[in-house]
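Please look over the sequence and the 3D model below before reading the briefing that follows.

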Amino acid sequence: MCGIVGYIGGKSAGPILLECLRKLEYRGYDSAGIATIKGNEILVKKDVGKIDEIDKIHDLGSIKGNVGISHCRWATHGKVTKNNAHPHGNIKNTISIVHNGIIENYQEIKKKLKEKGYKFSSDTDTEVIAHLIDSFYSGSIKDAVLSAMGMLEGSYALAIICSDEPELLIAARNDSPLVLGIGNGENFISSDVYAIMGHTRKVMYLENKELAVLSKERIWIYNSGGKEIKKKLNTIEWDAKKAEKLGFDHFMLKEIFEQPDTIADTLDGKIGEDSISLDIGLTNSDIKKIKRIIIVACGTSWHAALTGEFMIEELAKIPVEVEYASEFRYRDPIIEEGTIVMAISQSGETADTLAAIREARKKKAMIVSIVNVEGSSIARESDVVIYTKVGPEIGVASTKAFTSQLVTLYLMTIHFGAVRGEIDEQQVRNRIRDIRLIPAQVRSILEEHGKIKKLAEVFFKKENTIYLGRGINFPIALEGALKLKEVSYIHAEGYPAAEMKHGPIALIDKNMPVVVIATQDTRTYKKVMNNIEEVKSRGGILIAIETKGDEETKKHVDHNLYVPRNSYILTPVLAVVPLQLFAYYMAVLRGCDVDKPRNLAKAVVVE
Ligand code: G6P
C-alpha cells in the first residue's frame with residue numbers, strides 16, 4: 001500500500017513532507033522515512049513505527065534541504081525493519097527513491113544486478129529499482145528512470161531525488177495512484193490529493209507509464225517513449241477542513257457524526273420534488289437497454305453492493321450480481337450485450353476493483369462507478385462516474401462513505417426504475433420523501449451515542465460476537481461484524497438470520513453476544529423474531545436494532561437500540577449507524593488504535 005510525498009520549492013522540505021505524510025498515514029503505518037538533498041548530499045531519516053513515534057526519536061522535520069521525498073509503509077516485500085523502510089538508495093547515496101506498489105519481476109532484476117556487483121541491504125523490491133536506475137545513470141536522472149521503467153513489471157508510484165541534479169524531483173507511475181500538485185514556486189508529488197490540499201488545489205494526474213520532472217517553477221511530463229506531453233490542470237474543490245479531526249478523538253468518530261451532512265451532500269442537486277436528476281451521462285435509451293448489472297467491489301463497498309442488489313432488483317427489476325472484485329477479475333466472467341459493470345469504491349484506487357473494471361472493459365462492458373475520491377483511477381477509467389461527495393474519509397474503517405454509497409445506489413435505483421417504467425410518478429415522489437427524512441433520522445440515532453457507549457461497556461471484554469440480519473439487512477449484519485473486527489479485533493461473524501441454524505447456532509451459549517437487526521417490516525420481521533427465540537433458548541445474549549415504537553421486540557431481547565421508522569428499502573442506512581458506533585466504542589474501550597487498526601490500510605492498492 002504505502003503513501004508517498006515529494007516536495008521541491010523554496011521552503012524547507014522537512015516540515016512540509018512530514019505534515020503531508022501524516023495525512024497519508026492511513027495508507028500504511030508500519031514504518032516511515034524521509035530523504036532530502038542538502039548541498040550535494042542525500043540525507044535520510046527512517047525507522048519502524050508510526051510517524052509520531054519515529055518523529056519523536058529522529059525529529060523528521062528537522063532534516064535540511066528544499067527538495068525531498070517521504071514515505072509511509074505497509075509492508076509487502078520484506079519484514080517491518082528499519083532496513084526495509086523507505087527511502088532506498090544506490091550504493092554511492094546519490095539516488096534516493098520511495099515507492100508504492102509491487103514490482104513483480106524484482107527477483108529477476110535483482111539477480112542481474114547482483115551479477116554486475118550490486119550489493120543489497122534490504123529485502124524490498126524497491127531497493128532493486130534504486131540500483132536499476134543507478135545502472136542506467138549517465139548524467140540524466142530522467143533518462144535513467146525512463147530506461148528503468150522499461151524493465152519494471154508490476155505497479156509503482158515513485159518519487160525520486162538525485163544529488164547530482166539537486167534542482168529536480170522525479171515522479172513516475174504505473175497502476176499505483178500519483179498526483180502532481182502545482183504551487184507557487186513549489187511543486188508536489190503525492191499518493192492522494194488530500195495530503196497536499198493545504199498547499200495547493202491545482203493538480204495533474206499521471207497516467208500509466210508516464211514520468212514527470214519537477215523543478216520548483218515547472219513540470220515536464222513524458223510518455224514511456226520519452227516524448228514530452230501536455231496535461232490538463234484540475235482544480236480540487238474539497239474543503240481541507242474535512243481532513244481535520246475538529247475536536248473529535250478519532251477520525252472514525254468524526255466521520256460517523258458527519259453522516260447527516262455527508263448524506264445531505266450526496267443528495268444535494270440530485271433530488272427535486274418529484275424527480276431524480278442523475279446527470280451521469282447515461283441516456284434513457286442506455287438505461288432501457290440494461291439487461292443485467294454486475295457490481296464489483298471489496299470490503300465495505302462490497303457490502304454496499306449487496307444492499308444495492310436488493311434495491312435494484314426489487315424496485316428497478318434489473319437482475320443484479322455482486323462479485324468480489326478479486327474473484328471477478330480472475331474467472332473469465334460472461335459479459336453479454338446489455339450487461340453493465342458497476343464498481344463501488346471509496347478510494348477509487350483499490351487494485352482488485354480497478355483490475356475488475358479493466359477486465360470488464362476488455363469484454364466491452366459499459367463501466368459505471370460510484371466513487372468518492374475525485375480523479376481517482378477507477379473514476380478516470382469508467383464511462384460514467386457518480387461521486388458520493390463525502391469529502392476525505394481518513395479513518396481506515398469506512399463509515400460515511402458506506403452510507404453515501406447506499407444513498408447513491410438508492411437514487412440510481414429510483415432513477416432506473418422510473419425510466420424503465422417500473423416505478424410510477426407517485427412512487428417516485430414517495431421514495432424522494434423517504435430519502436429526505438434520512439439525514440435527520442441519522443442525526444437522531446447519533447444523539448443516542450451515550451446509550452451505545454454504555455452497551456459497549458457491557459461487552460467490550462468479549463472475544464466473539466455474531467451479527468444476524470435478513471433480507472436487505474443481511475449485508476448490514478456483515479458490515480456490523482466487519483466494523484467490529486476491523487477496529488476492536490474481536491472475532492465477529494455476520495450471518496443471514498435463518499442460516500444461523502446451519503452452523504453458527506453451535507457457537508451460542510451464555511457468553512455469546514448476538515446482535516440482531518430486527519427492524520419492523522412486513523416481510524421478515526416475524527421470521528427474525530423466530531430467530532431471536534432460537535438464540536434466546538440457547539442462552540445467547542441478545543442485542544436488537546429495533547424500530548422506534550416497537551413494543552414487542554424488547555420483551556424478547558436483553559438490550560435494545562432504536563432506529564426511526566422509514567421504508568424497508570432504506571432501513572440499512574439507519575441500522576448501520578448504531579453498529580458503527582458500537583464497534584467504535586468497543587475498540588476505544590479495548591485500547592485499540594481505531595483510526596489505524598493493525599495490519600489494515602485504507603486503500604488496498606496492491607493485489
Ligand atoms: C480496505 C479498507 C476498507 C474498504 C476496502 C475497499 O480494506 O480498509 O475500509 O472498504 O478497502 O476500499 P474502497 O476504497 O475500494 O472502497
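The model is predicted, and local features need pLDDT of at least 70, side-chain atom pairs count only at pLDDT 80 or more, and totals for chains, interfaces and linings use all residues. Residues are numbered from 1 along each chain as its sequence is written, and side-chain values use heavy atoms, with hydrogens and water left out.

- A polar side-chain atom of Thr350 lies 2.5 Å from an oxygen atom of the ligand, and a backbone N or O atom of Val396 lies 3.1 Å from an oxygen atom of the ligand.
- The protein covers 91% of the 390 Å² of accessible area that the ligand has on its own, an area that comes from the Shrake-Rupley method with a 1.4 Å probe.
- There are 14 residues around the ligand, and among them Ser301, Ser345, Gln346, Ser347 and Thr350 come nearest; a residue is near a molecule if one of its heavy atoms lies within 4 Å of it.
- Helix H10 (residues 299–316) gives the largest share of this shell, 3 residues, where helices are DSSP runs (H or I, at least four residues) and strands are runs of E (at least two), numbered from the N terminus.

**Packed helices**

- Helix H14 (residues 400–419) and helix H19 (residues 571–589) pack at about 175 degrees, with their axes 10 Å apart; axes are lines fitted to C-alpha atoms over the stretch in contact, and angles run from 0 to 180 degrees between N-to-C directions.
- H14 and H19 are therefore roughly antiparallel, a term for angles over 145 degrees.
- Phe402, Thr403, Leu406 and Val407 of H14 meet Pro572, Val573, Val576 and Gln580 of H19, contact being heavy atoms within 4.5 Å.
- Helix H1 (residues 13–23) and helix H2 (residues 51–58) pack at about 155 degrees, with axes 11 Å apart, and H1 and H2 are therefore also roughly antiparallel.

**Two loops**

- The peptide bond from His86 to Pro87 is cis, with omega near 0 degrees, and Pro87 is in the loop between strand S4 (67–73) and strand S5 (88–89).
- Asp175, although not a glycine, has a positive phi of about 65 degrees, and Asp175 is in the loop between strand S8 (169–174) and strand S9 (179–182).

How values were computed
A polar contact is a pair of N or O atoms within 3.5 Å; within protein, one must be able to donate a hydrogen and the other to accept it, and residues adjacent in sequence count only if both atoms are side-chain atoms. Angles under 35 degrees count as roughly parallel, over 145 as roughly antiparallel, 65 to 115 as roughly perpendicular and the rest as oblique.
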